[in-house]
Amino acid sequence: MRWSSQVMFSRPIRWILALHGDVLVPFVYAGILSGKVSHGLRNSPSATVEIDYAEEYPTTLMKAGILVKTEERKKKIVESSRSLAKSVNGSLLLKESLLDEVVNLVEAPLPILGSFDESFLELPRDLLVMVMQKHQRYFAIEDLTSGKLLPFFIAVANGVIDENVVRKGNEAVLRARYEDAKFFYNMDRQKRLTEFRDQLKGILFHEKLGTVLDKTKRIEETVPKLGIFLGLDEGVLSMVQDAASLAMSDLATSVVTEFTSLSGIMARHYALHDGYSEQIAEALYEIVLPRFSGDIVPKTDPGIVLAVADRLDSLVGLFAVGCQPTSSNDPFGLRRISYGLVQVLVENKKNLDLRNALQLVADVQPVQVGYDVLNEVHNFVTRRLEQLLVDSGVSAEVVRSVLSERSNWPYLAAKTAKRMEDLSREGHLQKIVEAYSRPTRILRGKDVDHDGKVETSRFESKEEHALWVALQAVEAKIHGEIEIDDFVEISFVLLQPLEDFFNNVFVMVDDEGVRNNRLALLKRIANLPRGIADLTVLPGF
């Protein structure tokens with residue numbers, strides 16, 4: 001909202017209280033002169049309150065019935081609401097985000113217990129709770145023993161009120177909401193879920209990428225190979241294909257059209273109602289997971305494949321048509337989508353070749369997707385993976401070290417980074433970092449053959465022979481998917497031979513053949529961490 005044509009503020013500015021101790025701080029903002037007066041609730045006896053000292057502000061307003069501190073309001077809401085729920089043998093269904101919202105909607109909270117007709121309990125629990133929470137900011141109540149929803153709710157009023165009048169008003173509003181929900185729900189159940197799929201052609205995904213029906217067809221085309229990439233067996237792949245043929249069909253239902261946050265939830269409910277297996281129904285729900293930060297992730301294999309396919313399709317398609325996020329704008333939520341993608345893979349320990357998966361999805365897009373776009377998407381997903389790992393407590397240096405080599409395999413990269421962090425804290429990693437740093441530093445600025453060919457005939461000392469033997473033993477055991485613990489353990493074999501080599505062998509001798517041979521030997525050692533981690537970015541290298 002805009003005030004005085006220049007000032008933007010979210011709420012109407014009626015007065016400004018500005019005190020330093022007992023001294024008024026005079027200024028004008030949005031056409032309002034600061035003063036010593038504040039205001040309570042309009043229907044309270046102390047509608048206007050004069051504050052003499054800044055320190056008296058909370059206590060003075062408390063006398064006027066207003067709780068200034070957020071934690072005090074939250075405590076009162078929770079304690080009073082739990083007491084009311086207990087009075088009907090129920091337990092308060094407390095959603096933290098809703099509680100935070102309600103706390104900041106009221107100044108003098110007064111929880112009120114209301115009820116609704118038991119016949120509405122025939123509707124899906126998620127539908128009833130969502131209407132209460134999202135549309136009315138009510139708290140639901142469930143049975144203490146069975147956990148089933150009870151026909152009661154708690155609304156939080158503000159200030160001195162006539163409780164009976166307010167209760168009846170809230171009950172009437174909720175009744176109307178539930179009547180609407182019941183109408184939409186019964187209308188949906190007159191059809192099978194498969195009948196809604198064709199209606200997805202009336203929902204636009206993007207003007208260059210087609211409708212939601214087009215998107216679901218692309219997902220249906222990619223999930224077989226994507227499932228193979230993720231290592232699923234034939235039985236699961238068949239189930240994935242069946243679920244993909246129903247994916248997102250609930251977006252065309254009346255309930256989801258009216259209550260969009262129930263997408264996935266209603267798909268599961270309608271699928272079960274139509275007689276589909278629980279695995280398919282669960283996959284239809286899990287395709288939307290995670291929906292927000294801190295949300296649960298898919299746990300079933302069909303659900304994981306659908307969730308990954310949907311996110312890859314959105315990322316590749318929207319990047320290809322120029323909808324990349326900017327520093328201040330992300331209208332399609334691609335950061336959230338990408339973060340959710342890596343979260344699904346990492347938390348479910350699913351190894352996926354990201355470049356192959358991106359190419360698979362690119363091949364079915366209705367627009368041309370070039371290598372530059374795929375590379376941009378890959379880098380974008382890698383940055384979200386970096387954020388995920390840093391959020392989980394891994395140091396930024398370790399994350400960058402691992403992602404430099406293993407970003408194409410998100411789960412492998414995450415597992416490596418977390419274990420490297422542990423090894424670093426335990427002190428085991430530092431010796432390996434120092435060992436590999438010496439060959440790398442010597443090679444900097446040197447022109448060494450890239451084929452890494454080492455001629456044993458040019459060795460002039462036993463230390464060269466010993467290091468060569470150790471190198472061959474280590475090389476034979478190192479591969480691209482090696483666990484970081486194994487890499488560290490294997491690399492310990494090189495520590496003593498390297499120490500002896502640098503103590504007794506001069507690398508930069510005049511004989512060009514011997515010098516290049518020794519540099520080639522060191523280059524082979526310096527290249528060992530490739531595909532595992534870039535140790536050069538770690539402290540102490």
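Helix H2 (70–86), H4, S11 and S12 are among the elements that cover the buried residues of helix H3, where covering rests on contact, that is, heavy atoms within 4.5 Å. The model is a predicted one, in which local features need pLDDT of at least 70, side-chain atom pairs count only at pLDDT 80 or more, and totals for chains, interfaces and linings use all residues. Residues are numbered from 1 along each chain as its sequence is written, and side-chain values use heavy atoms, with hydrogens and water left out. Helices (H or I, at least four residues) and strands (E, at least two) are DSSP runs numbered from the N terminus.

Helix H3 itself spans residues 96–103, and its buried residues are Leu98, Leu99, Val102 and Val103. They sit on the same side of H3, because the arc that they cover around the axis is only 135°; this arc is taken from the directions between the helix axis and the C-beta atoms. Buried here means under 20% relative accessible area, exposed means over 50%, and partly exposed lies in between (1.4 Å probe, protein chains only). An α-helix has 3.6 residues a turn, so residues three or four places apart point the same way.

Next comes the sheet. Four strands form an open sheet in the order S9-S11-S12-S10, with antiparallel pairing. Its edge strands, each pairing on one side only, are S9 (90–93) and S10 (109–115). On average, neighbouring strands of this sheet are turned by 30° against each other, direction ignored. Helix H4 (residues 125–136) packs on the sheet and touches S9, S11 and S12, with its direction at about 10° to that of S12. These angles run from 0 to 180 degrees between N-to-C directions, and axes are lines fitted to C-alpha atoms, for helices over the stretch in contact.

Within the sheet, S11 can be followed strand by strand. S9 and S11 run antiparallel and are joined by four bridges, with Leu93 opposite Ala140 in S11. Two strands count as paired if DSSP finds at least two bridges between them. On to S12: strand S11 (residues 139–143) pairs with strand S12 (residues 149–158) in the antiparallel sense over three bridges. Ala140 has Phe153 as its bridge partner in S12, while Phe139 stands opposite Ile154. Four of the five residues of S11 are buried, which leaves the strand mostly covered. The hairpin of S11 and S12 has five residues between the strands, and Gly147 takes a positive phi near 80° there.

Helix H4 also meets helix H5 (residues 163–188): their axes come within 11 Å and cross at roughly 135°. H4 is therefore oblique to H5, since angles under 35 degrees count as roughly parallel, over 145 as roughly antiparallel, 65 to 115 as roughly perpendicular and the rest as oblique. In this meeting, Leu127, Leu128, Val131, Met132, His135 and Gln136 of H4 contact Val173, Leu174, Arg177, Tyr178, Ala181 and Tyr185 of H5.

A few backbone details complete the tour. Most residues other than glycine have a negative phi, and most peptide bonds are trans. Ala30, although not a glycine, has a positive phi of about 55°; this residue is found in the loop between strand S5 (28–29) and strand S6 (32–33). Ala30 counts as buried because its relative accessibility is 15%. Lys349 likewise has a positive phi of about 55° and lies in the loop between helix H13 (334–347) and helix H14 (354–362). At 59% relative accessibility, Lys349 counts as exposed. The peptide bond from Leu289 to Pro290 is cis, with omega near -10°.
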